[in-house]
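Student: Could we go through this one together, starting with how the helices pack? I'd like to move on to single residues after that.

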Amino acid sequence: MSNDAAVLAYTLRLADNALILAQCMVELVTAEPELEEELANANFALDYIGQARMLYTYAGELEGKGRSEDDFAFMRDEHEFANLLLLEQPNGHFGDALVRQFLFDAFYVHLLDAITRCSDERLREIAARAVKEVRYHLRHCSQWLVRLGDGTELSHNRVQTSLDYAWRYTGEMFAGDEIDQAINADIDGPDLEAIHGLWRKDVESVVAEATLSLPDDSWMASGGKQGRHTEQLGFLLAEMQYLQRSFPGATW
Amino acid sequence: MYTQGLDQAGKDRRVAAETEELLNAFQKRVDAEEKIEAKDWMPEAYRRTLIRQISQHAHSEIIGMQPEGNWLTRAPSLKRKAILLAKVQDEAGHGLYLYSAAETLGVSRDQMVADLLSGKAKYSSIFNYPTLSWADIGAIGWLVDGAAIMNQIPLCRCSYGPYARAMVRVCKEESFHQRQGFDIMHSLCLGTAAQKAMAQDALDRWWWPSLMMFGPNDSESTHSAQSMAWKIKRFSNDELRQKFVDVTVQQADFLGLSVPDDELRFDDETGHYQFGEINWQELFDVIAGNGPCNKQRLEKRQRAHTDGAWVREAAQAYASKQAARAAA
């Protein structure tokens with residue numbers, strides 16, 4: 001795979017991660033347990049949408065075929081999306097959505113940090129901005145995980161179940177393929193093995209403070225990065241893309 | 001403004017300790033355009049009127065997130081999605097600081113939320129209408145936020161300081177909301193025939209409910225005079241409605257859309273647009289709970305509250321544990 005093709009594919013993966021997580025969070029608007037959380041959830045989702053827009057725009061430039069951010073978001077099919085499976089999992093209850101974001105952000109913050117030191121200038125710039133946002137998201141999610149884990153018996157049990165279920169989707173974050181390898185080798189991009197160590201340390205620390213148990217590393221799901229998704233993504237995209245698909249060529 | 005002043009009867013009694021002297025001194029301060037602050041003496045009826053008005057306004061912001069939230073997952077571009085999300089987030093923020101402003105008058109947010117959830121408290125009738133197409137998001141920004149601004153700008157000069165100051169920020173954001181709504185309509189009207197038809201359909205459905213937002217005619221508005229004397233209200237319902245019609249009809253012309261009112265015409269003598277009779281029965285029906293979405297809006301709010309109970313309880317339990325640990 002050429003250097004340019006790998007950067008394009010990698011940029012789209014990053015963009016898809018941000019967009020799909022944002023879309024799931026947007027579904028939660030008006031359903032949060034407290035008004036303050038409405039503000040936080042919307043604020044974080046806005047950050048992810050902003051990141052997706054910058055990344056898709058860059059992908060369009062790299063590709064050179066005139067595709068816009070909206071072409072990537074609204075006119076691609078399920079198998080063309082390369083987001084992590086974790087991020088397309090249904091919202092469930094507050095603890096499910098929280099654990100999903102916590103596990104991802106704990107990874108994403110180190111990933112972005114590594115990207116700020118890569119040799120691709122645009123990715124560096126985007127990551128430098130995003131890492132500040134995600135650092136804050138992670139702090140917010142960590143605090144909530146501790147509150148739920150060390151809150152009531154009910155909240156402890158619920159969020160432990162959320163953690164146990166979501167864990168199977170964490171392996172994919174660190175399972176490098178040829179694109180990850182090319183990014184690491186060609187543009188001094190993230191080293192997934194190193195990030196796995198950092199992630200594990202951070203997650204262990206918060207999980208321990210939350211008085212929760214770290215699940216066992218047993219079977220791990222994979223396929224998102226390669227466009228093989230779970231059933232949820234098709235519905236998510238059908239809803240998100242419907243206006244662009246119903247009125248092809250229209251501007252909004 | 002998102003309060004239509006329809007549930008006021010019998011609550012504005014003067015209480016015994018309110019001597020003529022105190023009342024006169026209070027009115028003098030209001031007349032001198034001094035701001036009344038939370039710890040200042042105020043007549044009980046003034047306090048109650050403000051609690052009712054500010055909490056209704058806060059509830060309207062919170063319920064108002066729903067019709068727009070309905071299109072967040074389906075917004076037609078990433079830019080539109082981001083703008084709409086920022087707008088809905090603003091509304092949550094407005095709700096939050098309006099509840100805070102009301103709390104300065106001695107009512108708790110928990111109590112206000114409980115009143116909303118039980119159906120006791122009112123919110124603006126407009127949010128009981130459904131958003132059926134993307135153009136409705138444009139129409140809400142343009143018409144509903146436009147009508148709200150007409151009412152809210154004078155509230156920045158309201159005699160009660162905390163409310164007036166909250167409204168300064170609310171108005172700045174509402175003005176942005178109104179412009180984004182008009183921009184959606186403008187894009188649709190410049191678009192395909194189907195998009196323009198979508199915009200016209202939205203105007204047809206939102207026009208009359210928007211006019212109802214200003215509340216009953218002045219002749220029917222029972223407590224307006226007292227609110228005017230207290231400088232909570234600066235203009236009458238009919239004055240504000242007329243101002244809204246005058247501005248908005250010209251904007252509809254610019255967009256190439258028709259206002260759904262056969263009696264609408266410009267009156268050269270008065271310099272204002274004359275418009276047809278509002279279907280007041282519809283307004284009273286919606287306020288009585290019989291609008292298209294009253295049940296859904298309230299149920300959604302109740303569900304979020306009930307579903308979130310375990311989360312709030314966990315946060316409380318954790319805070320108690322932390323406090324106990326700190327004390328140990």
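Tutor: Gladly, and please keep in mind that this is a predicted model. A place to begin is chain A, where helix 4 passes helix 9 in a right-handed crossing.

Student: Which residues of helix 4 and helix 9 of chain A meet there?

Tutor: From helix 4 of chain A the contact draws on A:F102, A:L103, A:A106, A:F107, A:H110, A:L111 and A:A114, and these meet A:L192, A:I195, A:L198, A:W199, A:D202, A:V203 and A:V206 in helix 9 of chain A.

Student: Let's look at A:H110, then. Is A:H110 buried or exposed?

Tutor: A:H110, which is found in helix 4 of chain A, counts as buried because its relative accessibility is 17% and the cut-off for buried is under 20%.

Student: What is A:H110 in contact with, leaving aside its neighbours within four places in sequence?

Tutor: With those neighbours set aside, A:H110 is in contact with A:I195, A:L198, A:W199 and A:D202. With A:D202 there is also a polar contact, in which the two side chains are joined at 2.6 Å.

Student: Switching to chain B, how do helix 5 and helix 7 cross?

Tutor: The axes of helix 5 of chain B (residues 134–152) and helix 7 of chain B (residues 193–212) come within 9 Å and cross at roughly 35°, and the crossing is right-handed.

Student: Which residues make the contact of helix 5 with helix 7 of chain B?

Tutor: On the helix 5 side of chain B they include B:W134, B:A139, B:W142 and B:L143, while on the helix 7 side of chain B they include B:M198, B:R205, B:W206 and B:W207. Taken as a whole, the residues of this contact divide into 14 nonpolar, one polar and two charged.

Student: Still in chain B, where is B:N294, and what does B:N294 touch?

Tutor: B:N294 is found in helix 11 of chain B, which covers residues 294–307. Not counting residues up to four places away in sequence, B:N294 touches B:Y123, B:N128, B:V286 and B:G289. A polar atom of the B:N294 side chain also lies 2.8 Å from the backbone nitrogen of B:G291, and B:N294 is buried, with a relative accessible area of 10%.

Student: Last topic, backbone angles. What is phi at A:T30 and at B:E33?

Tutor: Phi of A:T30 is near 75°, a positive value in a residue other than glycine, and B:E33, which is not a glycine either, has a positive phi of about 65°. A:T30 is found in the loop between helix 1 and helix 2 of chain A, and B:E33 lies in the loop between helix 1 and helix 2 of chain B.

Conventions: Residues numbered from 1 in each chain as written. Chains lettered and ligands numbered in written order. Predicted model: local features only at pLDDT ≥ 70, side-chain atom pairs only at ≥ 80, totals over all residues. Heavy atoms only, no water. Helix = DSSP H or I, 4+ residues; strand = E, 2+ residues; numbered from the N terminus. Buried < 20%, exposed > 50% of the residue type's maximum accessible area, 1.4 Å probe, protein only. Polar contact = N/O pair within 3.5 Å; in protein donor to acceptor, adjacent residues only side chain to side chain. Contact = heavy atoms within 4.5 Å. Left-handed = near helix turned anticlockwise from the far one by under 90°. Axes fitted to C-alpha atoms, helices over the stretch in contact; angles between N-to-C directions. Nonpolar A, V, L, I, M, F, W, Y, C, P; charged D, E, K, R; others polar.
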